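Welcome! Work through the exercises below with the structure open beside you, and try each one before reading its solution.

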Amino acid sequence: MAAALTVDCRKTFPGRFTTAAQLVLPLDHPRVLILFGPSGSGKTTLLRCLAGLEWPDEGRIQFGSTTWIDVAANIRLSPQARRIGYMPQDYALFPTHTVTGNIEYGLSDLPTAARRERVHELLALLQLQGLEQAKPAQLSGGQQQRVALARAIARRPQLLLLDEPLSALDAPTRSRLSGELRALLTQLHIPAVVVTHDWAEALTLGDTIAVMNAGQVLQVGSPQEVFSRPANAEVAQIVGIETVVQGLVVANDNGLATVSVNGTTLKGLGADVSGSAVYVCIRAEDVLLEQAGSGITSARNHLSGLVTEILPQGVLVTVTVDCGFSLRAMITRGAREDLGLERGSTVVAAIKAGAVHLVPRSG
Amino acid sequence: MNWIAIAVTFKLALLTAVVLLVVGLPIAYWLTFSKWRWKFIVESVVALPLVLPPTVLGFYILVAIGPHSPVGRFYSDVVGHPLPFTFEGLLLASILYSLPFAVQPFAAAFAQVDHRLIEASWTLGVSKLKTFFRLIIPLSAAGLITGAVLSFAHTLGEFGVVLMVGGNIEGETRTVSIDIYDEVQALNYAGAAKTALLLLAVSYGVLLLVYAMNRKVWAVWPQR
């Protein structure tokens with residue numbers, strides 16, 4: 001059996017809810033597992049169980065051949081013994097220690113020379129040179145995040161646990177650092193579990209996404225699977241993005257990017273789209289459907305295609321249009337009748353460039 | 001001024017503060033981080049010297065270490081002389097009497113340490129004991145100094161417990177406060193005034209130091 005992180009545990013918070021999770025993360029080919037869901041969905045609790053900071057009421061967590069916790073067998077491995085790199089939401093940098101002090105905190109069993117070399121390596125890797133003697137309070141949010149990451153990976157952990165790694169940052173920094181973080185996770189070659197409630201972050205960082213709500217894991221799959229084919233209405237509502245497809249940026253003109261998806265060309269916004277591979281994300285309510293040959297509009301994207309599915313949902317109808325890729329549109333029943341839409345109808349989907357979200361996808 | 005009494009007093013206060021720094025830290029740590037539901041019982045015992053009349057506390061200590069108690073007998077068997085009315089006996093009494101003055105500021109300081117920092121330390125492979133010395137102690141330094149200084153200052157001025165347990169032996173158990181009492185009894189107001197002024201100055205100086213360093217000196221128990 002290939003090495004894997006196997007989680008099957010339950011924890012009840014009296015008066016709140018029960019967190020129950022069953023997950024498998026393969027370890028031989030390091031991957032990033034995203035725990036995705038709204039706040040209060042039990043993501044952080046699950047992460048803390050993995051870190052050994054929270055004890056499940058029942059179940060077990062197995063890491064490769066090591067049992068981390070087995071409630072029935074009364075096995076409880078302390079956080080110290082798990083060799084993990086844990087980064088809490090607010091980073092929890094030690095205020096009394098300098099940047100160097102924070103990074104080398106977990107390395108006290110190394111000889112001085114080796115410790116110094118490792119710290120030097122990490123300062124370079126995370127571009128923290130020149131800040132060695134600074135205290136955490138003197139650093140910017142982005143710098144603090146990098147120090148916390150350096151500290152977490154300093155001991156060469158066998159598993160990285162990151163709780164909302166980017167949420168403490170302002171929006172521009174966040175979108176810049178999410179790409180860097182993905183590159184770092186790929187480079188480190190350490191399996192990672194990342195908690196986030198931000199879909200763009202989930203898409204940027206994750207190889208596998210576990211959607212959680214009210215303590216339950218609802219669906220586990222690749223980002224595209226989870227976003228484009230949610231297992232049920234609850235997942236669909238949580239992810240909130242109906243169309244997620246992979247595309248290639250072919251041109252970028254002052255932030256207006258031209259993306260090719262299966263031969264179809266789209267215009268979207270993504271000033272800081274780095275690299276050429278992106279996820280193209282479109283909400284169904286942002287897609288207009290019009291009859292072929294109607295006039296010019298301000299929308300930058302007019303994609304003609306065939307209706308492949310019509311799914312009534314109350315007063316609304318979700319229409320799937322094949323325009324080189326599967327695009328979902330949400331329109332009213334009345335609009336469907338006026339357009340006379342049936343399966344096989346030809347239709348033009350209009351999408352404003354601003355509604356086409358491009359999420360960089362590297363590695 | 002009775003320099004011998006002053007020397008005895010400062011020696012007693014200093015040793016009390018040092019011993020309480022060693023003994024008080026684990027007690028405060030346990031009181032702060034234990035999840036035992038009945039720990040308020042221990043909290044109340046530690047706080048007792050705050051409200052108990054010093055004579056009552058002194059009386060019980062005297063009985064507990066006297067020649068009729070197992071502790072007292074054991075001590076005189078090992079050391080060769082009984083514990084009451086010696087400097088060591090007085091030291092023991094002072095430690096118990098000043099216990100809350102050390103433990104409460106320690107516990108208050110520990111409780112203010114962000115628990116997420118402690119958890120971060122554990123996940124970095126650092127044991128609970130090492131986390132205590134490398135993280136919790138530096139983060140609660142002000143509270144630790146406050147506790148040590150307060151127990152020092154509190155011991156400087158103790159009277160009832162000293163009289164009950166130590167008696168009034170020159171060079172051994174006669175402290176400054178006893179000396180002042182003796183001077184007044186002998187109607188030597190000038191001598192008493194000098195010593196009293198010294199005690200006032202030292203106590204005020206010590207409190208100045210504490211308040212300047214930490215504004216939450218008299219916080220009784222850590223807020224939870």
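**Exercise 1.** How many residues does the contact take from chain B, and how many from chain A?

*Solution.* Keep in mind that this is a predicted model.

Step 1. Count two residues as touching if their C-beta atoms, placed from the backbone, lie within 7 Å.

Step 2. Chain A then brings 15 residues to the contact, and chain B brings 13 residues.

**Exercise 2.** Which helices of chain B each supply at least two residues of the side that touches chain A?

*Solution.*

Step 1. Look at helix 6 (115-123) and helix 7 (128-139) of chain B: each supplies at least two residues of that side.

Step 2. Helix 6 of chain B gives the most, with 6 residues.

Step 3. Sort the side of chain B that touches chain A by class: you find 8 nonpolar, 3 polar and 2 charged residues.

**Exercise 3.** Now turn to chain A by itself. Where do domain 1 and domain 2 of chain A lie in the domain assignment? Which elements give two or more residues to the side of domain 1 that touches domain 2?

*Solution.*

Step 1. The assignment places domain 1 of chain A at 4-240 and domain 2 at 244-360.

Step 2. Taken over C-alpha atoms, the centres of these two domains of chain A are 34 Å apart.

Step 3. Their contact takes 10 residues from domain 1 of chain A and 7 residues from domain 2 of chain A.

Step 4. On the domain 1 side, the elements giving two or more residues are helix 5 (171-188), helix 6 (199-205) and helix 7 (223-228) of chain A. Helix 7 of chain A gives the most, with 4 residues.

Step 5. By class, this side of domain 1 of chain A has 5 polar, 4 nonpolar and 1 charged residues.

Terms used. Residues are numbered from 1 along each chain as its sequence is written. Chains are lettered from A and ligands numbered from 1 in the order in which they are written. This is a predicted model: local features need pLDDT of at least 70, side-chain atom pairs count only at pLDDT 80 or more; totals for chains, interfaces and linings use all residues. Ala, Val, Leu, Ile, Met, Phe, Trp, Tyr, Cys and Pro count as nonpolar, Asp, Glu, Lys and Arg as charged, and the others, Gly among them, as polar. Domain bounds come from an automatic or database domain assignment.
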